[in-house]
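Thanks for making the time this morning. I would like to walk through one model with you, taking the domains, then a sheet, and then a pair of helices.

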Amino acid sequence: MVPVEAHGLVKAYGRIRAVDHVDLSVHEGDIYGFLGPNGAGKTTAMRMLLGLLRPDEGEVRVFGRDPQRELPQALDGVGGFVETPHFYPYLTGRTNLELLAAFDGGDAPQRVGDVLETVGLQGRATDRVGGYSQGMRQRLGLAAALLRNPRLLVLDEPTNGLDPGGIRDMRDLIKSLAAEGMTVFLSSHLLAEVEELCTRVSVIREGRIVYEGALADLHASSAPRYRLRTSDQQAAQRLLLDAPALHDVQLKGDDLVFSADETAVLALSRHVVGAGLGIAALVPETATLEQLFFELTEADEHRHRLEPVP
Amino acid sequence: MTPTTLTAYRWEVRKLAAQKRTYIGVGASALLPVIFVSVMALQTGGPYDVPLGHNLRHTGIALALVVLTFASRFGAQLVTALVAGDIVAGESSGGTLKMIFTRSLGRGQILAGKTLATFTYVVLLLLALLTTGLVSGGIAWGFNPVVDLTGTRLSAVHALGLTFAALGVFAIPLAAVAAFGIFLSVVTRNSAAAIVGTLVYELVMEAVVGLVHLQWLHHYLLSAQFDAWHGLFQTPVFWAPVVRCAWVSALFAAIPLAAAFAIFKRRDVAGE
């Protein structure tokens with residue numbers, strides 16, 4: 001059974017379409033990264049997966065069930081939170097979990113101690129949540145999700161508010177949960193984190209999915225980029241701009257960066273040397289997820305922009 | 001174990017028990033009779049013109065009901081509105097709704113648990129008032145027979161039984177006020193708006209009672225049902241107002257509750 005399948009999701013607030021015909025497909029065993037700038041529609045889409053929002057159009061299936069029509073059964077095997085997890089501040093961390101476990105039923109009440117230990121909160125479990133830091137609330141949110149012994153874990157910015165040690169712990173925990181066979185669907189602003197954790201990603205921009213697929217395919221899909229340093233960068237820049245097979249020529253720091261296939265690069269190297277310039281470096285550059293992310297989410301604003309030579 | 005409405009109810013009561021606001025309401029309710037007795041001890045005379053008021057200084061049994069007559073205008077409704085108006089809206093503003101909506105309990109069960117917990121609170125308020133009313137009134141004036149509204153002398157035990165019954169009758173319209181507070185709590189998603197709205201609702205009904213050409217409507221308004229217990233302190237017992245109180249209050253509770261459930265089960269949870 002596919003953990004998450006969404007087709008043509010639309011959610012509008014007045015004239016603004018927060019989510020605009022979104023398709024998502026999370027496979028079993030994925031650590032699925034959901035990326036997008038603030039306000040792109042990530043949280044709205046995640047709310048629809050958890051049955052918190054009704055889409056205006058489209059449909060969602062979670063393990064084959066419709067969270068709009070089959071709650072709470074549609075969320076069997078699903079744990080998670082959207083935005084910052086909130087708890088009753090006047091109750092202790094443990095009591096909050098006991099409440100949620102009672103609402104879950106099954107063996108959840110017996111798992112409270114274990115999940116507190118898993119997220120490292122057993123020492124503060126008897127303190128009221130009102131006194132918890134943001135990072136502790138994030139941990140408690142994860143504990144609340146794990147109470148359900150989920151097959152699908154949905155996490156919205158799980159490392160928000162965590163200190164570097166907490167981020168590392170959370171990352172390790174997500175990795176170990178995935179290694180145990182749990183499917184993880186997470187949104188994050190931390191691209192390095194997504195790059196390290198995720199196997200598949202989708203990128204959402206202004207409510208629309210601009211990429212969905214394996215992270216490796218996303219890297220492969222980008223045009224090969226090269227970095228060139230010569231004895232005369234101004235002259236080299238003119239050559240690059242005139243060359244028809246080169247794209248997206250930019251001056252970054254001391255280097256000229258451009259996209260081209262290998263044949264065009266070979267021709268360019270001969271052309272540069274032929275023009276009497278010395279080549280100090282001509283190296284292929286692997287696009288980082290951050291670069292790909294900006295290309296996908298800000299493409300119209302930055303593509304083909306050439307920084308002026310000082 | 002599969003979670004049920006009882007699970008939601010039990011935890012709602014536990015949450016209420018963990019909040020200071022609950023104790024402030026119950027404490028205020030319990031304090032009213034004590035203040036009443038203290039003020040009467042410092043002066044002569046008393047509110048002899050209110051139902052059962054002529055029994056004051058002769059028996060402590062009537063105290064709780066006399067205090068209730070004064071509280072019935074707005075005091076009881078205010079304390080009820082404080083809890084009912086916040087029971088859902090507090091979760092909306094606190095961001096906890098989305099946490100409990102993604103568990104294995106249905107939304108209808110969650111709201112049913114909240115409604116029952118609010119009604120429990122209403123009963124608790126009245127029990128607190130009755131307990132301190134009986135204790136303080138008993139200490140001040142003893143447990144002597146009561147003269148009812150038709151001039152019949154009732155034994156202390158009989159009057160005590162009727163007092164409990166009267167509080168039960170008083171609780172019915174108060175539960176209907178709570179139901180309206182819950183409805184506003186669901187609709188407005190804002191505690192202050194729901195609390196104020198519930199009180200305005202009561203004010204409007206009081207205002208309608210004051211309109212001469214709408215006098216025929218008086219008996220069928222919620223505010224009039226707070227006096228229904230007077231029927232119990234007549235000899236023989238006059239059941240008509242008690243029966244009317246039951247069905248009018250049930251109607252005033254059922255309509256907002258049905259609307260609240262319909263909205264709560266379908267509502268979007270965005271940013272809360």
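**Domains, a sheet and a helix pair**

The C-alpha centres of domain 1 of chain A and domain 2 of chain A lie 44 Å apart, and please keep in mind throughout that this is a predicted model. The division of chain A puts residues 4–216 in domain 1 and residues 223–286 in domain 2.

Let me turn to the sheet in chain A, which is open and has four strands in the order β11-β12-β10-β13, with antiparallel pairing. Its edge strands are β11 and β13 of chain A, each of which pairs on one side only, and neighbouring strands are turned against each other by 20 degrees on average, direction ignored. Strand β10 of chain A, residues 225–230, is joined to β13(A) by six bridges, and there Y226(A) has P284(A) as its bridge partner. Helix α8 of chain A, residues 233–242, packs on this sheet and touches β10, β11 and β12 of chain A, while helix α9 of chain A, residues 262–274, also packs on the sheet, touching β10 and β13 of chain A.

As for the hairpin of β11(A) and β12(A), there are two residues between the strands, and G253(A) takes a positive phi near 65 degrees.

Finally, in chain B, helix α4 (residues 75–84) and helix α8 (residues 156–188) pack at an angle of about 35 degrees, with their axes 8 Å apart, and the crossing of α4(B) and α8(B) is right-handed. The residues of this contact comprise seven nonpolar, four polar and no charged, including A76(B) and T80(B) from α4(B) and L174(B) and G181(B) from α8(B).

Note on methods
Residues are numbered from 1 along each chain as its sequence is written. Chains are lettered from A and ligands numbered from 1 in the order in which they are written. This is a predicted model: local features need pLDDT of at least 70, side-chain atom pairs count only at pLDDT 80 or more; totals for chains, interfaces and linings use all residues. Axes are lines fitted to C-alpha atoms, for helices over the stretch in contact, and angles run from 0 to 180 degrees between N-to-C directions. A crossing is left-handed if the near helix is turned anticlockwise from the far one by less than a right angle, and right-handed if clockwise. Two residues are in contact if their C-beta atoms, placed from the backbone, lie within 7 Å. Ala, Val, Leu, Ile, Met, Phe, Trp, Tyr, Cys and Pro count as nonpolar, Asp, Glu, Lys and Arg as charged, and the others, Gly among them, as polar. Domain bounds come from an automatic or database domain assignment. Two strands pair if DSSP finds at least two bridges between them.
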